Amino acid sequence: MKRAIRASSFALAMAGAFLQAAAAGQSPRQVRPPIKTPAEEANYLAYTQAEAVASFLSALAARTPELRVSTAGRTLPTGEYGARDIFLAVLAGRPAAAPADLDRSKPTVLFTAAQHGNEQSAKEAALWLLRDLAAGDLKPLLAKVNVLIMPQTNPYGNFRDVRANELGLDMNRDHVKLEAEGVRAIHRVFTAWRPEVTIDVHEKGDDYYRVSIGCVSNANIAAPLQDFSRRVVLADVERALKGKNIAFFEYLVTEELGVDTSSGAARPEERRGPREEMKRYSTTDLNDGRNSLGVFETLSFIQEGASRHDLETLKARTAWQYSGLRAFLESVAGHAPEVVKLVGGLRARLLQRAASRADNDPVHLRMEYARDPAAPELRLRRFARGAAAPAAGRVLRVDKKAGETVTAADFVPAPPGGAGVEDEVVKHWFPNVRPTLSVTRPRGYIVRGGRLDIVETLLALGVEVGMFERDAVVEAEAYEVTAVVPSAADYEAPATIDVAARAVKAPVKKGDFYVGCVQPAANLAPCLLEPQSAYGLVRYWKFNLVPEAGGLFEVLRYTGKD
């Protein structure tokens, strides 16, 4: 009696590999299976930890000549969790172990992920993207772009599955003070490699829009960058995700009408009655990773993936994140020459503007969200509130037509609000940002030699700082504080700070510091060093920069000759 023999899928795969190896003149032992990400190895049943990230990067680098991996920083140890490395992966068609090795005719794109430790799919998607660029079907993109990936910037938060880092800091509110080593590592990488494009990967709530990408919002960043971001990149991403049935919309923030919580200040809870809500585009703040890099005239973005923050949905939400990042990178690669020209031109123009110090080219220190009369309302889609959850709490990942096969892989857990979707009309829609206080850019600023805390922070942010080589008397402007009401919370600017500028002959000593404004940080330096800035060092209690009424602000504006 003869028995039918059926080849298993494994046998067929091995036979295919053997034939491919033979055709290439290789022995079968030289063919290696595709490398899996740590999440794939774990079948998405566990969150990837720092040790697995290190092992994965090492294995991938060993087989990928286009990949270089280095350590960009190291977290602080705690009693329950030791110090961990923060890795940088550099992918380029011409291998680059240092910034000078990059082909700068191509745009360089920096991906940072998992600043918030409990937003786990950000890291998993970044590792997936890294693998496909190094050894998968995205590798041809390296002919058009250079890619930098920091897949895990908050190992402690990932380990504990909490938002904060080992110091209890919200890292994405630390891009001015720079107390978190993960944030310092991001700025070291940015300053050294100076990418044209950056994107910071996060998670939001369980939103109908599975992927959202936001662009810069601070008015000091050149408007053409925001225009290109929306008109080209976000439009490309939306089209690509629509083809995969993944709902997309630009990232929006919802909060109480008349309240701005973007500073990150820890306010005591106030008992208030119910208030109406408003929506806006993220934040104008510079302690946010996106704007802190965008202010260097960078195409800078944030991606937020929908999430229930549970293991059951990790695979699905990682796939959404990956699809968004892939579409994003493909868009940048598709417009590579335009990106290089746009960013390079605006960065050069910023230096020219700073040198001219024109009155009609101010630096904006305070801003407010504003309505757009041409678009008073916003129409969105959302999960129906209070809708009954579907049977077994699961819904189809994509639409299926009558007669099509449905498998278990086609289902994902239903959103908490149920499967129903409804229209939403946002009546309090504030899409614009309007400057409310601006100053002309000086030649530079003078910081006393004893303020090493200020200078060290400036340097870590990529601000160029010089030093006076001898004692001198220079022309400057001093700010006299005429009225001041200190802030009630750290991270917030004083509630009131009125100043009067007056010309002075200021003595400077050898060892005092000089921060010139004709530099890539031409917009950032005034935002950090002006006393009335909503984004400055004055807002952080650590620096103790708020004088009493009648006192002088200790940082001087230099007005003399270069």
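Does leucine 552 count as buried, exposed or partly exposed, and what is its relative accessibility? In this predicted model, leucine 552 counts as partly exposed because its relative accessibility is 45%, a value that lies between the limits of under 20% for buried and over 50% for exposed. The residue is found in the loop that runs between α12 (524-529) and β23 (556-558). Once its neighbours within four places in sequence are left aside, leucine 552 is in contact with Tyr479, Glu480, Arg502 and Pro547. The C-alpha atom of leucine 552 is also separated by 9.3 Å from that of threonine 482, although the two residues are 70 residues apart along the chain.

Leaving aside neighbours within four places in sequence, aspartate 310 is in contact with Tyr47 and Arg317.

The last step concerns a pair of helices. Two packed helices are described by the angle between their axes and by the distance between those axes. For helix α3 (residues 50-63) and helix α4 (residues 120-135), the angle is about 10 degrees and the axes are 11 Å apart; since angles under 35 degrees count as roughly parallel, α3 and α4 are therefore roughly parallel to each other. On the side of α3, the residues that meet α4 are Val53, Phe56, Leu57 and Leu60, and their partners in α4 are Leu127, Leu130, Arg131, Ala134 and Ala135. By class, this contact of α3 with α4 has eight nonpolar residues, no polar residues and one charged residue.

Conventions:
Residues are numbered from 1 along each chain as its sequence is written. This is a predicted model: local features need pLDDT of at least 70, side-chain atom pairs count only at pLDDT 80 or more; totals for chains, interfaces and linings use all residues. Side-chain values use heavy atoms; hydrogens and water are left out. Helices (H or I, at least four residues) and strands (E, at least two) are DSSP runs, numbered from the N terminus. Buried means under 20% relative accessible area, exposed over 50%, partly exposed in between (1.4 Å probe, protein chains only). Contact means heavy atoms within 4.5 Å. Axes are lines fitted to C-alpha atoms, for helices over the stretch in contact, and angles run from 0 to 180 degrees between N-to-C directions. Angles under 35 degrees count as roughly parallel, over 145 as roughly antiparallel, 65 to 115 as roughly perpendicular and the rest as oblique. Ala, Val, Leu, Ile, Met, Phe, Trp, Tyr, Cys and Pro count as nonpolar, Asp, Glu, Lys and Arg as charged, and the others, Gly among them, as polar.
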